[in-house]
Amino acid sequence: MNPWDEVLGRITSRDEAGLAEYLTGLDDADRRTVAAQVPGHLTARLDGASRWQIRERLGGLATGYRLAGAACMSGAAQVAAWLSRRELREVRDPAADAALVMSVLRHRPEAWRRDLAARLVRRVRPPAGPEWMRLRDAPGWELAAALVIETGVEPPESDGFVACWAWRMAARHRLDGGRPVLGDDPLLDRLLPRLFSAQGVADALIADEEESRRQQREATRLSGRPDGSAPDRLSGRPDGSAPDHLGGLARDHSGGLASGTGLSIIGELVALAGAGRVPREALVGGCASRFMAGGEAAGIMPFVTLWRLLETSVAEIPVLDFVRLLPSGASPFVQLALDELRRAEAAGALDDELFAEAIGALVFRPEKKYVTAAVRWLAAAPPSRGGTAVAALAQVLEADLPALRDRAVRLAVKLAPHADEAARDAVREAAARLPEEARERLATAYGPLADVAPPEPLAVAALTAPSLPRLAQPLASAAELAAEFLMLYWPEEPGQYERIMAGLVELSHREREAVVTLLAPHWRGFYGHPDNPMGAAYASNDRTTRDLLHRCVLALVYPDYSRRLTAAIAERQEPYEQREVLPQAIVLRRLREIIHLFEREETIPVLLATPTAATGHVDPETLLDRMERLGDAEPLDADFWQALLRLPREVDEALIVRAEKLPTDAGRRLAVWLRDGALPGPAVRNEPGRPCGAGPGPAPGGLPGWLSELCSVRFDNARCSYPDEIAWWPTIMPSHREVVAKYLVQCLSWLSESSGARAEALVTLAHGDGPVGRATALAIAAFLGHPRPAQRAAAAQALAVLAVRGQFPADDFGWAIAHLIQDGGLSLKRIAASLADLVDDGAHAEVWRAFATALPPLLPKTGDRACAGLGEFLSVAVRAAVLAGARGEVPGLAELAGRKGSSRVLQEARRLHKTI
């Protein structure tokens, strides 16, 4: 038998062990024969396959192809390129694959294998994706590592190789229940120095620690707290206290690492240093070098933890380097450096010059906590030593931190006798811009101040808001349709889906054969073999737009198979899975209509509901054109009603006359819809326990039952199954913003924390039409306090759009902020930062009106504690009031401003009261 035929037979039968044995016995001529055939065969097998179809077509054969190339190709460069092909990198069992490939490489010369090892090491990429993927997947690493270990070659510089090693150690650590894994690892000595310079290792070093914290948070959540309050979501500790500086790693009373705590890789490194297995100086010096290299907080934090666990002596602290890194270092390092410099100072290892430089660096940090730390450190120093750093107080005097500024004034007065002339000049210059009382105190201590220049008029920005992007052009050919289908975006974009749905219907009506020819090769990767519809029924849950769009293609290309799949899915579904979830149900209904149309092997000329504007609106004249193209045929039912929901609120009389001439039942319903003014506006009622009137509302008569459900907005028929869904919702009812917002409100408990929530839906909503009220305000306010900046930015943009259009619901928005804060569902500090940007962008008048409504319920009564972030919130209110020229009374503000104290809340309350 031809050797290639034998090899191919063993590949396709997945006889990997037999294949390896057979390949080892081939002579040079047979290897050349196989090497000449295998690349072309793989290319032909995968020809035209999409990224997702490659895995399906290979069907677990990757190791066989890898073995054939590794054994038979000649040069190390050629073998390295073959083994690193993207299609062949992912194998079912990387360790078994590496052992088999190693077995067919042993006939190669030692120098050749060392060359291959170096080439494979350079090709390894750092693991990507969520933690569970990085713990599991490191394509190419197992074989590269095995070759490095066996040949003894010094691996070349490769961040990817080092990062994969760290993640493999973390995976072993977790699989072994936290038992030590590093001590006997053959790569430890060679790769340890590189841990401190390689990118992508940080998360691996603390993977077990993060998992431990996650489990602790989950246990706390499930068990609850004795007082019945919610567990602290930030620290994860039952008592709500902050994590200690050791990063959660336990210690026994003797100072050693406690046994049985499930140490992370960092904890094990410390233990190995204590046992003499790794040099302690390598760890200390490595951390210091990593700090010097800089980087983001997430990349620095594990090394900060390692440094603290090493419990360095004062002699090991690089004092000068730490001081010089204070201005630019990541926040976790700055906190470490501050602690270590205080230790060095206590031991006499920090001279006055470096002390002054450290104070000066800290006061210029953007984080308030470090400015505060600098002031406290300076206050604790002897006056003679503190005098060397008085110049730094000038920066604090100019900062917008009233409480800290008052403390800086008192400290500057105390240190005035010890300040040199340059420092005195800096303080006098800064003092000239302070309130009168502070100026007088500093003038007494530092001498006459410069004349106070009249304040410059505040610049008021012109309020603008970007328009929505234009819709892409309709798909004009089968080739365009196939290309667009293969480029489905993730996360999904409603506009793209609508364009593909319209293209499938229209182009299959005009040129069905061309469409089927181009789309047929792409169905198998999603739905398996036509003889096994039940297997595909497991894979498709029939409840997502992505699954149903693929099923539309399947129904067009293979209608018989699609009918069997539909029946199999219906048989598998539980009753609860058949319940429609609103408002997404109308999107799914439209997709299923197309599936059933194609399963009947029928076509229609056009869909009616494809939007003509980015808001989701359908132009009335375009809708009439589409209805006329249908002739005497009735449209698809859900598509027809969706088209009606997408009409604008006002229509020209001439179009109503034209609609009355349509010959179908749908045409007559359209004419009635246009003549009667479509859906009425939502009835907004405020019911106890149901903010913003989110309870059921009346639905107009004459609608299908499912559409009446959509308009009623009941609590029991609304849910968001996936975060992507909300991107569709504003386009479903673009002329009824408050109805859409009610659906958003009912999902806020999830969406306001979800990292995948599509907050850009709020911008689309704002560009729509119809009333806005408490539901709209509540939805936007919730996203304005979202943990992620992108979601907050989208919410702020939605507010800007409403403000530009003169539709900003100021009173409702102020109510929504207060309601969410009192309910514990919003970070006031985050929302203050977002509102500050809006004020600066020109929405000061609208934002001030919202503040006037939000503040009275948020201001603390006598004896109550102010809510977190209120000081920042009041500060933004001051700026909004100044720019808006606001005057009047805010209930409770005068009483708060009159209380004694110097907290930021009281300082800002006094400023606001004086301003208005």
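The following legends describe several close-up views of a predicted model.

**Figure 1. Overview of the helical protein chain.** In this predicted model, the protein chain has 50 helices and zero strands. Of the 916 residues in the protein chain, 52% are buried. Among the contacts in the protein chain with a separation of 6 or more, 74% are accounted for by residues 24 or more positions apart.

**Figure 2. Helix α8 and the helices around its buried residues.** Helix α8 covers residues 94–105, and its end C-alpha atoms are 16 Å apart, which agrees with the 16 Å that its 12 residues should span at 1.5 Å a residue. The buried residues of α8 are Asp 97, Ala 98, Leu 100, Val 101, Met 102, Val 104 and Leu 105. What covers these buried residues includes α2 (16–24), α5 (62–72) and α6 (76–83), together with α9 (110–123) and α11 (141–151).

Figure 3. Arg 14 is placed in the loop between α1 (3–12) and α2, and its phi is near 60°, a positive value in a residue other than glycine. With a relative accessible area of 44%, Arg 14 is partly exposed, because this value falls between the 20% limit for buried residues and the 50% limit for exposed ones. Glu 311 is found in the loop between α18 (297–310) and α19 (319–325), and the phi of Glu 311 is near 50°, again a positive value in a residue other than glycine.

**Figure 4. Leu 507 and its surroundings.** Leu 507 lies in helix α29, which covers residues 494–519, and is buried, with a relative accessible area of 0%. When residues up to four places away in sequence are not counted, Leu 507 touches Leu 475, Ala 476, Ser 477, Ala 478 and Leu 481, as well as Arg 512 and Val 515. Leu 507 and Ala 476, which are 31 residues apart in sequence, have their C-alpha atoms 7.8 Å apart in space.

**Figure 5. The packing of helix α36 with helix α39.** Helix α36 (residues 637–645) and helix α39 (residues 705–712) pack at an angle of about 35°, and their axes are 11 Å apart. The crossing in which α36 passes α39 is right-handed. On the side of α36 the contact is made by Asp 637, Ala 638, Trp 641 and Leu 645, and on the side of α39 by Trp 706, Leu 707 and Leu 710. The residues of this contact divide into six nonpolar, no polar and one charged.

**Figure 6. His 819 in helix α46.** His 819 lies in helix α46 and is partly exposed, with a relative accessible area of 25%. From C-alpha to C-alpha, His 819 and Ala 781 are 9.9 Å apart in space, although 38 residues apart in sequence. Helix α46, which covers residues 810–822, is one of the elements that cover the buried residues of α48.

**Figure 7. Helix α48 and the glycine that follows.** Helix α48 (residues 870–884) has 15 residues and reaches 21 Å from its first C-alpha to its last, close to the 21 Å expected at 1.5 Å a residue. This helix is mostly covered, with 11 of its 15 residues buried, among them Leu 870, Gly 871, Phe 873, Leu 874, Ala 880, Ala 881 and Leu 883. What covers the buried residues includes α46 (810–822), α47 (828–858) and α50 (904–915). Just after α48, Gly 885 takes a positive phi of about 65°.

**Figure 8. Two cysteines, Cys 164 and Cys 867.** The structure holds zero disulfides. Cys 164 is buried, with a relative accessible area of 0%, whereas Cys 867, at 24% relative accessibility, counts as partly exposed.

Conventions. Residues numbered from 1 in each chain as written. Predicted model: local features only at pLDDT ≥ 70, side-chain atom pairs only at ≥ 80, totals over all residues. Heavy atoms only, no water. Axes fitted to C-alpha atoms, helices over the stretch in contact; angles between N-to-C directions. Helix = DSSP H or I, 4+ residues; strand = E, 2+ residues; numbered from the N terminus. Left-handed = near helix turned anticlockwise from the far one by under 90°. Contact = heavy atoms within 4.5 Å. Nonpolar A, V, L, I, M, F, W, Y, C, P; charged D, E, K, R; others polar. Disulfide = S-S within 2.5 Å. Buried < 20%, exposed > 50% of the residue type's maximum accessible area, 1.4 Å probe, protein only. Expected span 1.5 Å × (residues − 1).
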